Amino acid sequence: MTDLADWARGRAPELLERAEREAVAILRDALLDAALGDRARDREAGRRRARQAPPAAAATPSKREAQGHALWAYCVLRAGDPLPGRLPGVHPDAPVEPLEDDGLVVLTSRIPLAEFGEEPLRENLNDLSWLERVARAHESVLEGALTGGPIVPLRLCTIFTDEAGVRTMLARDGRQLREALERLDGRREWGVKLLVDRDALAAAARERSPEVAALQDEAAERSGGGAYMHERRLERLVGEVVDRLAAELADDVHARLGDWAADSVLNPPQNRELSGHEGEMLLNGAYLVEIERTDGLRRLLHELEDRHKELGARLQLTGPWPPYNFVSREAGAPA
Amino acid sequence: MEGSRYLTPRGPTALPGHPDSATNLADILERVLDKGIVIAGDIQINLLDIELLTIKLRLLIASVDRAREMGINWWESDTSLQAGGPADMEMLDTEREQLERENRELKQRLERIERQLGVGEASS
């Protein structure tokens with residue numbers, strides 16, 4: 001009798017877990033569809049919208065934007081610092097050109113409004129292949145500019161009507177931009193990801209936790225429904241220990257890197273479908289590091305990887321990046 | 001220094017066997033969409049749409065984290081999901097279709113509402 005009740009109680013979490021798992025799988029598929037697979041549908045919707053001629057709201061900006069050009073801005077540099085060589089822009093027809101005013105340089109390139117005007121832009125931004133192309137082009141301009149002095153990266157889609165618009169912005173936000181450039185001088189952004197193998201963590205949990213060991217010994221002596229429930233309890237306990245080990249590991253790595261860096265930012269772990277990583281991402285951090293401390297950063301990463309080897313910890317370093325993660329906190333004039 | 005296979009430099013020198021021999025898209029998107037200084041340009045793109053897109057991507061980027069917060073390890077158990085049998089898969093398919101339909105309908109409704117409100121025209 002008690003065995004039966006035990007069995008039923010033991011089943012409940014499993015069923016619940018399974019239902020949750022299915023719900024998450026459905027949600028994940030729907031999200032992926034929405035962001036990755038919907039391109040064709042979006043284009044179709046775009047065509048439909050184009051056919052249904054927009055209501056005659058005569059002098060809307062979109063009318064004016066249909067033809068002509070504007071300027072896409074990439075980043076801000078100090079005048080006098082070495083400029084990058086000729087770089088291709090976000091649109092293949094126009095290369096990147098520096099625009100100097102008041103001690104600052106903005107890298108810009110001409111863009112056709114037929115593609116980058118307000119209305120088409122809105123649609124294009126929701127097309128992941130278009131977004132990828134433009135994001136990569138924007139990024140490679142910034143990387144090209146990194147070889148000189150400090151740069152302030154601008155967010156994607158900072159667009160001005162003409163050169164006068166850029167100069168107005170420099171007059172308005174110049175002080176703030178100069179402060180940011182000064183703070184970033186001699187420093188580089190690096191990305192560090194901590195990846196673990198869940199199985200290695202589970203093995204470590206079994207070895208290290210006395211509670212787990214005790215339960216394991218007991219389990220060996222049980223049989224029937226009691227053994228089943230016992231196994232479930234053991235699984236849950238191992239899961240808890242794994243989570244604790246993972247959290248401690250991520251905390252240790254981030255704390256050590258944070259001490260080494262001038263500044264640090266934690267970002268959410270990435271999704272595998274976009275990043276293609278193997279294992280589980282426990283940490284996705286950005287660190288602002290003095291250029292002369294770069295070798296030290298690499299040494300520290302090796303040391304940390306070594307220290308947590310038996311947990312299957314892998315550290316992945318990317319960079320140097322334009323310091324995207326270290327300018328967003330000083331957002332400029334409100335839009 | 002180059003001893004570990006995990007300390008992967010970006011660009012053409014990346015070690016083979018890693019998925020991101022070119023910089024991975026997630027790395028770039030999380031930066032160019034969410035970070036970088038925001039200064040007011042002349043063309044005000046529809047922030048609502050950008051936010052929608054960013055939220056969509058953030059969900060994508062963070063979904064592993066979210067699942068873990070919920071205590072679910074689906075990344076471990078994809079195979080067991082597939083082993084759930086044809087009945088389960090059918091259920092998933094109909095659910096997905098339903099979600100897709102709802103998604104489409106919501107998009108259309110949003111477009112109608114935007115048109116009525118004149119969003120994207122002089123909206124400040």
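**Exercise 1. A hairpin to start with**

Work out how strand S2 (residues 97-101) of chain A and strand S3 (residues 104-112) of chain A pair, and over how many bridges.

*Solution.* Keep in mind as you go that this is a predicted model. Begin with the direction of the two strands: S2(A) and S3(A) pair in the antiparallel sense, over 5 bridges. Next, pick out one pair: A:Pro98 has A:Leu107 of S3(A) as its bridge partner. Finally, look at the turn. The hairpin has 2 residues between the strands, and A:Asp102 takes a positive phi near 55°.

**Exercise 2. The surroundings of A:Glu163**

Decide whether A:Glu163 is buried, partly exposed or exposed, and find which residues A:Glu163 touches beyond four places away in sequence.

*Solution.* First locate the residue: A:Glu163 lies in helix H7 (residues 163-184) of chain A. Then count its neighbours. A residue needs 20 or more C-beta neighbours to be buried and 12 or fewer to be exposed. A:Glu163 has 14 inside 10 Å, so this residue counts as partly exposed. Leaving out residues up to four places away in sequence, A:Glu163 touches A:Leu71 and A:Leu99.

**Exercise 3. Two helix partners of H10(A)**

Describe how H10(A) packs with H9(A) and with H12(A).

*Solution.* Two packed helices are described by the angle between their axes and the distance between the axes.

Step one takes helix H9 (residues 210-221) of chain A. Its axis and that of H10(A) come within 10 Å and cross at roughly 165°. An angle over 145 degrees counts as roughly antiparallel, so H9(A) and H10(A) are roughly antiparallel to each other. Their crossing is left-handed. Residues making the contact include A:Leu215 and A:Ala219 of H9(A) and A:Leu234 and A:Val238 of H10(A). The residues of this contact divide into 8 nonpolar, 2 polar and 4 charged.

Step two takes helix H10 (residues 224-260) of chain A with helix H12 (residues 294-307) of chain A, which pack at about 165° with their axes 11 Å apart. H10(A) is therefore roughly antiparallel to H12(A). Here the crossing is right-handed. A:Val253, A:Arg256, A:Leu257 and A:Trp260 of H10(A) meet A:Gly296, A:Leu297, A:Leu300 and A:Leu304 of H12(A). This contact divides into 6 nonpolar residues, 1 polar and 1 charged.

**Exercise 4. The whole chain**

Find how many helices and strands chain A has, and what share of its residues count as buried.

*Solution.* Chain A has 12 helices and 9 strands. Of its 335 residues, 37% count as buried. To finish, turn to contacts between residues at least 6 apart in sequence: 78% of these join residues at least 24 apart.

Methods. Residues are numbered from 1 along each chain as its sequence is written. Chains are lettered from A and ligands numbered from 1 in the order in which they are written. This is a predicted model: local features need pLDDT of at least 70, side-chain atom pairs count only at pLDDT 80 or more; totals for chains, interfaces and linings use all residues. Axes are lines fitted to C-alpha atoms, for helices over the stretch in contact, and angles run from 0 to 180 degrees between N-to-C directions. Helices (H or I, at least four residues) and strands (E, at least two) are DSSP runs, numbered from the N terminus. Angles under 35 degrees count as roughly parallel, over 145 as roughly antiparallel, 65 to 115 as roughly perpendicular and the rest as oblique. A crossing is left-handed if the near helix is turned anticlockwise from the far one by less than a right angle, and right-handed if clockwise. Two residues are in contact if their C-beta atoms, placed from the backbone, lie within 7 Å. Ala, Val, Leu, Ile, Met, Phe, Trp, Tyr, Cys and Pro count as nonpolar, Asp, Glu, Lys and Arg as charged, and the others, Gly among them, as polar. Two strands pair if DSSP finds at least two bridges between them.
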